[in-house]
Amino acid sequence: MTLKDYDTVWLDREIREVKYIDQSKLPGELVIKSVQNLDDIRNAIVDLEVRGAPAIGVFAALSMYVLSVRIGGDSMADFVKEYVRCSDYLQSARPTAVNLSWALSIMRAELERFTLHRFEAYLLDPNLSDIELDDELRGYIGNVLLKKAIEIYENDIDVCRSLGKNGVSIINAGDRILTYCNAGRLAAVRYGTATAPIYLADESGLNISVYCAETRPLLQGARLTAYELSESGIKTTLICDNMVASLMSQGMIDKVIVGCDRVAANGDVANKIGTNGLAVIAKHYNIPFYVCAPMSSIDLSVKTGAEIVIEQRKDIEVTDMWYKTRMAPQGINVYNPAFDVTNHELITAIITENGVVRQGDGFLVAATK
């Protein structure tokens with residue numbers, strides 16, 4: 001079996017577990033894992049076994065269904081209290097990727113709608129402790145949450161496919177495309193975001209080639225993007241992050257296409273640390289810089305990128321990871337933010353499932369109508 005034979009995350013309905021490709025083992029091993037308890041689910045996100053904003057959102061939705069069928073208690077009050085605790089705990093796993101909170105909010109809202117619809121008295125006297133949680137009621141709740149989780153899962157596939165179709169319009173025959181981190185099929189359920197136009201361009205015979213920046217310190221470009229693109233037969237070249245300016249100065253890059261974890265209302269974008277630097281260099285060399293973002297990654301509650309919370313990662317990712325022995329002096333201070341923010345003025349266009357939104361179009365105003 002190869003990578004193309006699996007979705008990144010999916011639900012085993014028979015045993016009610018979430019299964020996923022463990023991305024921390026790639027490209028050396030293709031390992032499939034299963035989770036069903038809260039700590040294992042959260043650790044899978046924190047430890048980057050499941051990563052990529054869209055994939056995290058789908059994983060969270062499926063996981064909340066799986067957790068819901070295992071919640072104990074005698075009343076609806078017990079159930080709701082534990083469900084909310086689990087949801088809040090998962091939401092704390094990765095603060096920057098908006099898809100996580102987006103999916104958890106949708107699942108919680110679905111539970112609230114079910115509760116209000118089934119128990120009209122709750123509107124007048126919200127005392128769920130009076131409502132017995134029997135097997136029949138558990139079954140109803142499970143079916144409601146399962147339906148919504150599967151809807152989120154299937155929507156991600158449709159969104160990435162549509163985003164890819166829209167993104168092909170900015171790709172020309174023979175383009176040499178630079179991408180960063182991993183916004184590929186491994187970052188979503190299927191297709192990916194930044195790679196979706198690349199896959200469709202290749203299928204259309206446009207004879208493109210791709211440069212993958214390694215993406216320090218976790219090497220998602222080297223381990224994941226280079227792996228999945230080369231497995232698909234796309235001409236792929238791996239480069240170190242600090243080689244970008246050299247390639248651009250020689251006219252070897254035609255455009256940059258990256259994904260993102262959150263888009264602010266003004267079009268500022270949070271993505272893997274180093275994206276901002278790529279955008280600045282691309283601007284200097286007049287190279288178009290495109291961001292692929294599903295609508296679920298657009299957060300209109302955040303006015304500018306300055307308001308986006310940036311996750312800080314462990315020191316060990318810089319000092320020890322990938323080395324046989326530690327490569328930094330003991331006790332050295334380490335600054336290791338997972339993301340940076342790219343100003344909207346550096347971005348040529350944002351590609352969504354609704355279309356390609358350019359600066360002159362009113363930017364995100366057009367995308368969100």
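Helix α2 (53-68) and strand β9 (269-272) each supply at least two residues of the lining of the largest cavity. Helices (H or I, at least four residues) and strands (E, at least two) are DSSP runs, numbered from the N terminus. The largest share of this lining, 3 residues, comes from α2. A cavity is a set of points, on a 1 Å grid over the protein atoms alone, where a 1.4 Å probe fits but cannot get out, and lining residues have an atom within 4 Å of a point. The model is predicted: local features need pLDDT of at least 70, side-chain atom pairs count only at pLDDT 80 or more, and totals for chains, interfaces and linings use all residues. Residues are numbered from 1 along each chain as its sequence is written, and side-chain values use heavy atoms, with hydrogens and water left out.

The count comes to 1 cavity of 30 Å³ or more. The largest cavity has a volume of about 240 Å³, where a volume is the space filled by probe spheres set on the grid points, which are joined across faces, edges and corners. Of the 23 residues that line this cavity, the closest to its centre are Arg 51, Gly 52, Cys 181, Asn 182 and Asp 261. The lining divides into 12 nonpolar, 6 polar and 5 charged residues. Here Ala, Val, Leu, Ile, Met, Phe, Trp, Tyr, Cys and Pro count as nonpolar, Asp, Glu, Lys and Arg as charged, and the others, Gly among them, as polar.

A pocket, in contrast to a cavity, is an open set of points with protein on both sides within 12 Å along at least five of seven lines. The largest pocket holds about 310 Å³ of space. Of its 16 lining residues, Val 46, Asp 47, Leu 48, Arg 313 and Glu 317 are the closest to its centre. This lining has 7 nonpolar, 2 polar and 7 charged residues. In the second largest pocket lies about 180 Å³ of space. Residues including Lys 4, Arg 185, Tyr 191 and Glu 203 line this second pocket, and by class its lining has 4 nonpolar, 1 polar and 5 charged residues.

In soluble globular proteins, nonpolar side chains tend to be buried together. A nonpolar core is a set of buried Ala, Val, Leu, Ile, Met, Phe, Trp, Tyr and Cys residues joined through side-chain atoms within 4.5 Å. Buried means under 20% relative accessible area, exposed over 50%, and partly exposed in between (1.4 Å probe, protein chains only). The largest core has 46 residues, and those with the most contacts inside it are Phe 59, Leu 62, Met 64, Tyr 83, Met 107 and Ile 141. Among the elements that give two or more residues to this core are β1 (9-12), β2 (17-21), α2 and α3. Its largest share, 10 residues, comes from α2.

Tyr 83 leads on to the aromatic rings. The structure holds 3 aromatic pairs. Rings of Phe, Tyr and Trp (its six-membered ring) pair if their centres lie within 6.5 Å; planes under 30 degrees apart count as stacked, over 60 as edge-to-face and the rest as tilted. One of the pairs, Phe 79 and Tyr 83, is stacked, at 6.2 Å centre to centre and 25° between the planes. Both residues lie in helix α3 (residues 76-91), 4 residues apart, about one turn of the helix, and both are buried.
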